[in-house]
Amino acid sequence: MPASPSVTLAHLGWSTPDGRIVLSGIDASFTAERTGLVGRNGTGKSTLLALIAGTLRPQTGAVIVNGTIGLLRQIVEPGPDQTIATLFDVTDGLALLARAEAGAATDTEFAEADWTLEARLADSLSKAGLDVPPDTPLHELSGGQRTRAALAALLFAQPDFLLLDEPTNNLDREGRAAVLGLLRGWRGGMIVASHDRELLEAMDAIAELTTLGLTRYGGNWSQYRALKNAALDTARHDLADAQKQADSVARAVRTASERKARKDKIGRRDAAKGGTPRILLGAMKNRAEESSGADARLAERQHAEAAATLSAARAKMEVLDPFTVALAPTGLSTGKTVLSLDDVTAGYEPSRPLIERLSFTIAGPERIAITGPNGSGKSSLLALTRGTLKPWSGTARIHTPFAMLDQQVSLLDAALSIRDNFHALNPGTDENSCRAALARFMFRADAALQPVGTLSGGQRLRAGLACILGGSAPPPLLLLDEPTNHLDLESIESIERGLATYDGALLVVSHDEAFLDAIGITRRLVSDDWHRP
């Protein structure tokens, strides 16, 4: 490891092939500390990591790396021959050990054998919460287990800098805890793009990427939020002052214009009466025109300055203040039965029920979290409640209107625009109300006309929330399946504030404990209640 590993970004810039600017003029420096990279979806966090890793080339500026880089790659569909050993790049080393132990190695091979390899490999896997042999095929592991194995392999290689892009996304509580434990013990450099607030609390610094650039804040997530809240208060104050100044200039210009109009009227009336020499009238007219021109130029300059100040203040607010969710009431009364399951058993394979003899009821505006490890049937339970999975025995009924937001946001028609989807899900809504609702979710003007099929995962989820929650009559029951998975942190906090004021019932699948706490979960259904492995 070099004495001082570092990553320096010098006026870094990158644009998409169609010319859309993603990063521009980024200057920053990272040292051997744990840095959380945050920012709204679309600001270029993944692009920045790819530029640092060298998988993308900067179009302007430079990336200067002092040390080695390790990039966490998400293994979506591993090949049939990929094993834990190939992931750790120790296949040859393990084979050499096997030959040496069998007495089949040459003297040179025997001397080159790493007799600590097996122990170090087992220790790395154990720290990741994995108790599997090196020859385990990767396709036999769950997605979360593969992520943990990939991170363990990365740490095993001991690079100077780790680059991680959403390492805890889609992980259950056990997986998140294992990843957090691994990263807390890391002593090299780290840049981790994440919206996992528990993970960000373990960081030494937070780097925020916005349309204004990259800003570093010392401290963890809580300290960063305190600084951001103070900056937001200042920005609100500056915006109010800028608005007052713009209004004052507008009033002054209007008053001056009205005063001049009255003066001109009096001058024309006096001239019509006669008695003033023509040469004097001409001189008075010239002076009036010169004065009028000077006043107009002054007013134009003052107006432009006030408008520029106001525009800058609004731009600062746009960066600092996320979209706001304001929900209409559902009218759900306390005690009204919303959903009921009575002795339900269900699954997909007759010999392997996922849900066994489960009974529960939601009454009134209760907030219930469905929790448990990946693969325990949480999403299946939501499918059962809404009727897409039929029970083998028992009954499952929803007694009120409801809306389901799954991870694919399948309630939206990908071929239609966001606006048209809103109208389809909120019939009878006028155009102005539709546009106002979508604007609150940051789909303003032409952005509301984007086809849903062209949206990113985070944008699609935001569009789904807008279409469900933005109408005049939100459903009394919301079923949410991992609603925060693809949202940035500012958007998550806005959704939390909106759901905190929602007066309907919630049934939520989520591994995000901070999110569950923020929306006021009143009780939980855990996998042991319905699932017997």
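Helices (H or I, at least four residues) and strands (E, at least two) are taken here as DSSP runs, numbered from the N terminus. By that definition E166 sits in the loop between β6 (161–165) and α7 (173–184), and the protein chain as a whole has 16 helices and 17 strands. This is a predicted model, in which local features need pLDDT of at least 70 and side-chain atom pairs count only at pLDDT 80 or more, while totals for chains, interfaces and linings use all residues. Residues are numbered from 1 along each chain as its sequence is written, and side-chain values use heavy atoms, with hydrogens and water left out.

Of the 533 residues in the protein chain, 45% are buried, where buried means under 20% relative accessible area, exposed over 50%, and partly exposed in between (1.4 Å probe, protein chains only). Among contacts (heavy atoms within 4.5 Å) with a separation of 6 or more, 72% join residues 24 or more positions apart.

In soluble globular proteins, nonpolar side chains tend to be buried together. A nonpolar core is a set of buried Ala, Val, Leu, Ile, Met, Phe, Trp, Tyr and Cys residues joined through side-chain atoms within 4.5 Å, and the largest one here has 44 residues, with F88, V90, L151, L162, L164, L183 and M190 having the most contacts inside it. Helix α6 (residues 143–156) gives the most to this core, namely 8 residues. Leaving aside residues up to four places away in sequence, F88 touches L121, S124, L125, A149, A152, A153 and F156. A second, separate core of 35 residues includes A448, A466, L469 and V508.

The phi of D89 is near 60°, a positive value in a residue other than glycine, and D89 counts as exposed because its relative accessibility is 69%. E166 also has a positive phi, near 50°, in a residue other than glycine, but E166 counts as buried because its relative accessibility is 19%.

On a 1 Å grid over the protein atoms alone, a cavity is a set of points where a 1.4 Å probe fits but cannot get out, and a pocket is an open set with protein on both sides within 12 Å along at least five of seven lines; lining residues have an atom within 4 Å of a point. The structure holds 1 cavity of 30 Å³ or more, and about 40 Å³ of space lies in the largest cavity, which is lined by E166, T168, N169, R176, S194, H195 and D196.

The largest pocket has a volume of about 1200 Å³, and of the 46 residues that line it, R40, N41, G42, T43 and G44 are the closest to its centre. At least two lining residues each come from β2 (21–30), α1 (45–53), β8, α10 (278–320), α14 (457–469) and α15 (489–501), with β2 supplying the largest share, 5 residues.

Strand β8 (residues 205–210) contains A205, which is buried because its relative accessible area is 0%. Residues up to four places away in sequence aside, A205 touches E33, R34, T35, G36, R216, Y217, G218 and G219. A205 and R216 are 11 residues apart in sequence and 7.0 Å apart in space, C-alpha to C-alpha.

How values were computed. Grid points are joined across faces, edges and corners, and a volume is the space filled by probe spheres set on the points.
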